Amino acid sequence: MSIDEIRERYSRAGLNETDLNPDPILQFEQWFQDAGAAGVFEPGAACLATASREAEPSARMVLLKGVESRGFIFFTNYGSPKARDLAENPRAALVVAWVELARQIRISGSVEPISREESHRYFESRVAGSRLSAWASHQSQVIDSRQVLEERMRDFQARFGDGDIPLPPFWGGYCLSPGQIEFWQGRPDRLNDRLRYRRQAETEWVVERLAP
Ligand SMILES: Cc1cc2nc3c(=O)[nH]c(=O)nc-3n(C[C@H](O)[C@H](O)[C@H](O)COP(=O)(O)O)c2cc1C
């Protein structure tokens, strides 16, 4: 099926209140599966927006590595600008866009680091090269050349040899616990469907339809 046919199929079906799972996380998982089935490349790629204490905004892509009842998990360098923002202001937003399906999901809420055991478990699952590069890169710091990075990579390779490459103390995961999740389905004539869950209590959500 071509991308146009896929998009048309989802656009025609639309998004109705009666289609929604009462739990927005399960709804996210359903859409995530649809994206996988439609062949979307890296369906877990999401734009993460943070803001500093001075309300200076910043956005960048991350890969969602877990979606659980408590929230959305991603991993990064704890010394990076995004981590600095989150330490100063632990509120953030994520946007996932699967344009092939004319779908977008907007998520906002509060962010906390996950436990060291969980970060450890995920780090262990990464290939050796990705574990080494986590050690080698002071994420977002200015460097003189690519050579500097490659030398640092070699240094860490030599340091760890064939042994274990441990979790760097400055690297790990975060969980964004959502307060709101909006599901957006593109429809013909830009008369798009938008249904937003707002958290009322721990497991209680109100769903509202928004004008496109
Ligand atoms: C598709 C995609 C996925 C990415 N995933 C991650 C990720 O999971 N973690 C991460 O730290 N950076 C990831 N990056 C790089 C970030 O976008 C960004 O360059 C880096 O984290 C530095 O951001 P900061 O300076 O705002 O902290 C990804 C980039 C792209 C394009």
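The crossing of helices H5 and H6 is right-handed, a term used when the near helix is turned clockwise from the far one by less than a right angle. The model is predicted, so local features need pLDDT of at least 70 and side-chain atom pairs count only at pLDDT 80 or more, while totals for chains, interfaces and linings use all residues. Residues are numbered from 1 along each chain as its sequence is written, and side-chain values use heavy atoms, without hydrogens and water.

The axes of H5 (residues 128-136) and H6 (residues 146-160) come within 9 Å and cross at roughly 115°; axes are lines fitted to C-alpha atoms over the stretch in contact, with angles from 0 to 180 degrees between N-to-C directions. H5 is therefore roughly perpendicular to H6 (65 to 115 degrees). Helices are DSSP runs of H or I with at least four residues, and strands are runs of E with at least two, numbered from the N terminus.

In the contact (heavy atoms within 4.5 Å), H5 contributes Gly129, Leu132, Ser133, Trp135 and Ala136. H6 contributes Leu149, Arg152, Met153, Phe156, Gln157, Arg159 and Phe160. Seven of these residues are nonpolar, three polar and two charged (nonpolar: Ala, Val, Leu, Ile, Met, Phe, Trp, Tyr, Cys and Pro; charged: Asp, Glu, Lys and Arg; polar: the others, Gly among them).

H5 also supplies at least two residues of the lining of the largest pocket, as do strands E2 (57-63) and E4 (71-77). The largest share, four residues, comes from E2. By class, the lining has seven nonpolar, five polar and four charged residues.

Terms used. Angles under 35 degrees count as roughly parallel, over 145 as roughly antiparallel, 65 to 115 as roughly perpendicular and the rest as oblique.
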